[in-house]
Amino acid sequence: MTVLVASDLDRTLIYSANALALTGPDTDAPRLLCVEVYESRPLSYMTETAAGLLAELGDATVFVPTTTRTREQYRRVSLPGPAPAYAICANGGHLLVDGETDHDWHARVSARLAAECAPLAEVRAHLEQTADPAWTRKHRVAEDLFAYLVVERGLLPEEWVKELAVWAQNRGWTVSLQGRKIYAVPGPLTKSAAMREVARRTGADLALAAGDSLLDADLLLTADRGWRPGHGELADADWTAPGITALPERGVTAGERILREFLGVARSAR
């Protein structure tokens, strides 16, 4: 029995300091392991217990980090356990095999985007024209595939996000608000398509997935079983579906719970 585990990273398995959600007494806080350093500063964490669980999971399954991060951003992350043979970056736009880009896969994705949705240049121009500098901190393009803004969340007008979502949908794009970032992503650019490709190559008999954002919904629906934490876009929308487990845990402890769920199902399947 080959079990494939495709999991989102940020705010699912790994957490920034602001996303840890440690609400109990300091004396009860879990020990943390830093798994990402950026510009010589610690950036992302998981609990030490979660780190041990992830190492076990890497030995027992085909573990596939599945992220909207660019390849450069993904390579900053040092996950415990064996190096994954596959990783999905840029929301499915890039498939890494033993750490190297699969250029054939990227070419297939690029051809589909060109045929099925509005070009990136149009979306980028719209963001630059409509995003108010009063609450917009950065404009970014990721891997020449999608765009995102870094915003001041407290000043961000909710109506603007809704209007952007409608505008983007009419052009074949999806909008996702995650923390201080607003993503505009082509509809055909999905984590699920890349996961299906990895499942085909590995001959996986069972696929498990986890994620917290709208961009993870297709991944969860494609897997045989999926989990979402008690925080994030999907939790805020009270989103669920058959085969999806909505966990109550929030923050870094949710990452630990997700890994326990993965391991429990993988062990039972084997």
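How many disulfides does the structure hold? The structure holds 0 disulfides, a disulfide being a pair of cysteine sulfur atoms within 2.5 Å. The model is a predicted one, in which local features need pLDDT of at least 70 and side-chain atom pairs count only at pLDDT 80 or more, while totals for chains, interfaces and linings use all residues. Residues are numbered from 1 along each chain as its sequence is written, and side-chain values use heavy atoms, with hydrogens and water left out.

C89 takes part in no disulfide, and the nearest cysteine sulfur, that of C34, lies 19 Å away. C89 is also buried, with a relative accessible area of 0%; buried denotes under 20% relative accessible area, exposed over 50%, and partly exposed the range in between (1.4 Å probe, protein chains only). For C117, the closest cysteine sulfur is in C89 at 20 Å, which is too far for a bond. C117 is likewise buried, at a relative accessible area of 13%.

Secondary structure was assigned from DSSP runs, with helices (H or I) of at least four residues and strands (E) of at least two, numbered from the N terminus. Two strands are taken to pair if DSSP finds at least two bridges between them. Strands of a sheet pair through backbone hydrogen bonds, either parallel or antiparallel.

Parallel pairing is found around β14 (residues 225-228). Strand β13 (residues 206-210) pairs with β14 in the parallel sense over 3 bridges, and the bridge partner of A210 in β14 is W227. Together with helix α7 (residues 217-222), β13 and β14 make a right-handed β-α-β unit; right-handed means that, with the strands pointing away from the viewer, the path from the first strand over the helix to the second runs clockwise. β14 also pairs with strand β15 (residues 244-246) in the parallel sense over 3 bridges, where R228 stands opposite A246.

Aromatic contacts were counted for rings of Phe, Tyr and Trp (its six-membered ring) with centres within 6.5 Å, planes under 30 degrees apart being stacked, over 60 edge-to-face and the rest tilted. The count comes to 4 aromatic pairs. The ring centres of W135 and W160 are 4.9 Å apart and their planes stand at 65 degrees, so this pair is edge-to-face. W135 lies in the loop between α4 (120-130) and β9, and W160 in helix α5 (residues 158-169), so the pair ties together parts 25 residues apart in sequence. Both W135 and W160 are buried. For W227 and F262, the centres are 5.4 Å apart and the planes at 90 degrees, so this pair is also edge-to-face. The pair links W227 in β14 with F262 in helix α9 (residues 252-269), 35 residues apart, and both residues are buried. F146, Y148 and Y183 form one aromatic cluster.
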